[in-house]
Amino acid sequence: MSRLSPADPNSYSRPDQVMVLSLHLKWDVDFSRKVVSGTATLTVDHKQKDATHLILDTRDLTIKSVKDEETGQVLQYTLGEAHPNFGSQMKITLSSIVKKQFKVQIEYETSPKCSALQWLAPEQTAGKQHPYMFSQCQAIHCRSLVPCQDTPAVKITYTAEVNASPGLVVLMSALRDGEQKKGSSTTFRFRQPVPIPSYLIAIAVGALESRQVGPRSLVWSEKELVEKAAFEFSETETMLKTAESLCGDYVWGQYDLLILPPSFPYGGMENPCLTFVTPTLLAGDRSLADVVAHEISHSWTGNLITNSQWEHFWLNEGFTMFVERKIDGRMHGEATRNFSAIGGWKDLAECIRTRGEKDPLTCLVPDLTGVDPDDAFSTVPYEKGHTFLWYLETLVGGPSEFEPFLKAYLDKFKYQSITSEIFRSFLLEYFVDKKDVFDAVDWEAWWHTPGMPPIKPKFDEELAHVCKNLRKRWVEWDPAKKCPFHCDDLRNMTSNQVREWLAQLLEEEPLPVIKLEKMDELYNMSSRNNSEIKFRWLRLGLKAHWNNSVDEALKFVTEQGRMKFVRPIYRDFYEWKEMRQQAVAVYEANKDSMMHVAAYVVAKDLHINE
C-alpha cells in the first residue's frame, strides 16, 4: 500500500519534492458513456533538486499515456494499490528531466463511477430534453476527475477547453474565455488566473441560460428556473459590496451563481467565479439567500486563504460563518446577526448530540489520520469555529477592534494555505498590546476537546423572544382544554422566526400528534414551501411518530439531495423502528440518483452494510 503524505493525511502527493503550479485541461464530455476524457497538462516545479518522482493523487482513472510535453518523451509511471477512500498514488518517474520547471501531459479518462461527477438523464432535469452533468470536488474528489496534487496545501492556476454536444452550455469555476463551434460540437474555453486548491475545480454541463443580477453577476440555471432564481438572488451585488467593506477587494472578477438540479448535496459550493447553489433556496421571498452571503464570504475565507489540510477546515468554514453573519448584521441589523448565531448554536448542539459529545470528530481541529474527510463533515467546523471567533472578538474589545484584524489577516495570508497555529501566531502578533487577554483562552479546550465549546457567548435574543413564547405556549397547552391559538399567530413572524420556533420545538420531548394536527389546521404547515420550514415541520412529525408525515418526508428526501435535510430525516426514520425498513427501501431505490457523497453518508446513517 502506498504511503500517504506526512504533511496531509488525506493525500499521497509530495509537493515538498515536486509541486504542480498550473494545469491545462482539454476535455471531451461523453454523456453516452458517462466519462470525461482528454488530457491534463501540468506545469511542475522541482522543489528538491534530487527529487526523482512527481507524485499525484488519482481515483478510478484510466491512464492512457504520460509524456514530457516539450520533448514528447514518454514518462514511466506506476499506480499504487487503490484505497477505498483515498484512491491510488500515481508516481511519475522524472529521472530524465533536469529542468527546474517543465510540463507533464497525461492522457486519461474518468470512470462512469467518478465520485466527483453526477450524470443526469434528460428526464431528471427540469427541461426534460437534455442531459446534465455537474461536479463536486470538495473534499478529496478532484482526484477522480483529474490526476492532481489533491491537497488544499497546493494552489494552482488553470485553463481549460471543453467540448460539448449541441444545445449544451459548459460552465467552470473560472472566467469564461470564449467558445467556438467545431462541427457538431462546441468548444468552451476558461481561465482561472487566481491560484486555487484542487477542490475548487468545478464543471457543469447542461441546457443553461443566464440573467444579469448585478454588474459582475449572472445567475445561471435551466430556463424553467432562471427567472425565479434572478428574483431570489437580486441582492447579490449588495452582499458583494458589504463583503468588500469587511474583507477588502474582490479579486475574482466575476461572481456568478448556478442553480443546480435538486440532487446537489450541499446548500452551496463556493467554486470561484461560479457559486453552485441548491434549488431548495428558491423560497420566493429571498428568505434563504443567506446561503449566498456565505458563499460570497468564501471568496476571501476559504478561497483566498485556505486550510492547508482538512484537519483545519474550521479556518474555511468558521471564518466564513463569521463573515456571513457580519454581512447579515450590516444589511439587516445586529439583532439579525445575533438571531442567526442563536440558530447556529442550536444546530451545533443537535450535531453534538447526534454524533456524541465524546466523538473525536467533534474537535474543532480533529485528527484525520486514516479518516475520509466526508466522514468528518458536520456543523462543527462551521458553528464551533464561528463561536470561537465570536468569543475572540468579544475578548479583544468587540467589532471595532476585531474587524481591522480580520482585514489584516486576509491581506497577510491571501493566496496562501495555512494551519490553525499560523492563525494563532498572527492573532497574538497583531494584538501584541493586548496579549494578556489571551491568557484566558483555553486553546486545548477549543481546538482539541470534543463536544460543545467551553464558553457560550451572550447573544442578543431580541428576535428570539416571540419564538420562545410561542414554543412555551404550545408545549404547556393541555389539549383537553380550549385551544388558545389563532391562525394569525405566525402572521407577524418572519420566515426565519418560524424556522427558529420549529427548531425550538424539536429540542423538546416529541409533541402529541393532536397538537401537530392543530398546528397544521391553524397554520397550514404542510403547505409551506420554504425548505427550511418544511424540513423542521416534517421532523416534528417523524419524532412524534405521526403517520401523516411519513409519505411527505419520504417524498422530500427523494425530490432533493441536500445532505443538511436528507441525513437528519433518514436518521429520524431509523429511530422509528416501525418505519425503518420502509426508509431503507426508499434509499435503496433512489441511491443511484444521489450524488456519491450523499449516498455514502446516508448509507452510514441507516447502518447499511454494518
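How far apart are the mean positions of the 70 positive and 83 negative charges of the protein? They sit 1 Å apart, counting Lys and Arg as positive and Asp and Glu as negative, with His and the chain ends not counted. The place of each charge is taken as NZ of Lys, CZ of Arg, CG of Asp or CD of Glu.

A note before the views: this is a predicted model, where local features need pLDDT of at least 70, side-chain atom pairs count only at pLDDT 80 or more, and totals for chains, interfaces and linings use all residues. Residues are numbered from 1 along each chain as its sequence is written, and side-chain values use heavy atoms, with hydrogens and water left out.

**View 1. The whole chain.** The protein has 18 helices and 21 strands; these are DSSP runs numbered from the N terminus, helices being H or I of at least four residues and strands E of at least two. Its C-alpha trace spans about 85 × 65 × 50 Å along the principal axes. The radius of gyration is 25 Å, which agrees with the value near 25 Å for a compact globule of 610 residues; the radius is taken over C-alpha atoms, and the globule rule is 2.2 Å times the number of residues to the power 0.38. Buried residues account for 60% of the 610, where buried means under 20% relative accessible area, exposed means over 50%, and partly exposed is in between (1.4 Å probe, protein chains only). As for contacts (heavy atoms within 4.5 Å), take those between residues at least 6 apart in sequence: 72% of them join residues at least 24 apart. The protein exposes about 24,300 Å², with carbon and sulfur atoms supplying 48%; areas come from the Shrake-Rupley method with a 1.4 Å probe, and for residues only the protein chains shown count as cover.

**View 2. Helix 14 and its surroundings.** Here 12 of the 13 residues are buried, so helix 14 is largely enclosed by the rest of the structure. Trp537, Phe535, Arg536 and Arg539 are among the buried ones. Packing against them are helix 5 (334-355), helix 12 (495-506), helix 13 (513-523), helix 15 and helix 16.

**View 3. His545, between two helices.** His545 is found in the loop between helix 14 and helix 15. Its phi is near 55 degrees, a positive value in a residue other than glycine. With a relative accessible area of 39%, His545 is partly exposed.

**View 4. Helix 4 and the glycine after it.** Helix 4 (residues 314-332) reaches 26 Å from its first C-alpha to its last, close to the expected 27 Å. Most of this helix is covered, with 16 of its 19 residues buried. Gly333 follows, with a positive phi near 105 degrees.

**View 5. The loop between strand 9 and strand 10.** Look for the cis peptide bond joining Gln138 and Ala139, with omega about 10 degrees. Ala139 is in the loop between strand 9 (132-135) and strand 10 (156-164), and Asp150 lies in the loop between those strands too. Asp150 counts as buried at 1% relative accessibility. Leaving out residues up to four places away in sequence, Asp150 touches Ala139, and also Ser11, Ser13, Asp57 and Arg143, among others.

**View 6. Ser111 in its loop.** Ser111 is found between strand 7 (101-109) and strand 8 (117-120), buried at a relative accessible area of 12%. Neighbours within four places aside, Ser111 is in contact with Lys34, Val35 and Asp60. Met519 is 408 residues away along the chain, and the two C-alpha atoms are separated by 49 Å.

**View 7. Arg286 with a positive phi.** Although it is not a glycine, Arg286 has a positive phi of about 65 degrees. Its loop runs between strand 19 (274-277) and helix 3 (290-297). Arg286 is partly exposed, at 30% relative accessible area.

Key. Expected span 1.5 Å × (residues − 1).
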